[in-house]
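Student: I would like to go through this model with you. Please show me the sequence and the structure.

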Amino acid sequence: QANTDQSLGRGDFVQSDAISWYGRFSWAKDREYQPAAFQGLGTWTNSRPDQALVGNTWVVSPSIVNTARFGWSRFDNTIVGTHSYTEDINGELLQISGLNLSGNSAFWGLPNFGITGYTGFGDRANIYLTHNNIWEVTNDLSWVLGKHVMKMGFTSKRINYNQLGNQ
């Protein structure tokens with residue numbers, strides 16, 4: 001079972017003959033369920049990619065053009081069991097120590113039990129959570145000097161990568 005939603009948007013604005021703005025946005029949500037051998041046990045995979053961009057072009061003079069951009073990108077991804085976030089079976093009923101050292105409710109559920117040669121029973125054993133953000137600022141200045149063109153600028157990028165669990 002899969003469910004996907006997506007939205008895209010863009011806007012352009014000419015402020016004057018010398019200044020123009022543009023913006024872009026993308027939002028998506030994907031949710032997929034993979035059933036297991038036993039009813040009520042399975043895996044949910046949830047993905048949320050989002051992006052935004054704002055940019056400006058400024059014609060300072062016939063020979064000088066400045067372009068500035070700001071961008072953001074996010075990727076959230078979770079691979080969890082059916083009881084994640086809803087039922088703390090181990091913490092409230094079984095109380096087996098060492099199963100959820102992080103204390104994160106994504107790791108709630110029925111511990112996975114297995115006997116060699118037989119189908120295992122329990123919630124997903126390897127939970128995976130990620131929340132990534134990238135922020136970027138860029139500025140470029142182009143300057144035409146006779147037969148020469150000089151281009152200078154900078155880019156600054158911050159990458160935030162958070163992961164918990166194994167994929």
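This is a predicted model: local features need pLDDT of at least 70, side-chain atom pairs count only at pLDDT 80 or more; totals for chains, interfaces and linings use all residues.

Student: What radius of gyration does the protein chain have?
Tutor: The C-alpha atoms fill a box of roughly 80 × 30 × 30 Å along the principal axes. The radius is taken over C-alpha atoms, and the globule rule is 2.2 Å times the number of residues to the power 0.38. For 167 residues, a compact globule would be near 15 Å, but the protein chain has 25 Å.

Student: Which residues make up the largest nonpolar core?
Tutor: In soluble globular proteins, nonpolar side chains tend to be buried together. A nonpolar core here is a set of buried Ala, Val, Leu, Ile, Met, Phe, Trp, Tyr and Cys residues joined through side-chain atoms within 4.5 Å. Buried means under 20% relative accessible area, exposed over 50%, partly exposed in between (1.4 Å probe, protein chains only). The largest core has six residues: Tyr 33, Trp 44, Val 80, Ala 106, Ile 127 and Leu 129.

Student: Is Gly 42 buried or exposed?
Tutor: Gly 42 lies in strand β3 (residues 42-61). Contact means heavy atoms within 4.5 Å. Leaving out residues up to four places away in sequence, Gly 42 touches Tyr 33, Gln 34, Pro 35, Ala 36, Val 80, Gly 81 and Thr 82. With a relative accessible area of 7%, Gly 42 is buried.

Student: How many Å apart in space are Gly 42 and Asp 123, C-alpha to C-alpha?
Tutor: In sequence, 81 residues separate Gly 42 and Asp 123. In space, C-alpha to C-alpha, Gly 42 and Asp 123 are apart by 6.7 Å.

Student: What is the relative accessibility of Tyr 85?
Tutor: Tyr 85 sits in the loop between β4 (64-81) and α1 (89-94). Phi of Tyr 85 is near 70°, a positive value in a residue other than glycine. Tyr 85 counts as partly exposed, because its relative accessibility is 42%.

Note on methods. Residues are numbered from 1 along each chain as its sequence is written. Side-chain values use heavy atoms; hydrogens and water are left out. Helices (H or I, at least four residues) and strands (E, at least two) are DSSP runs, numbered from the N terminus.
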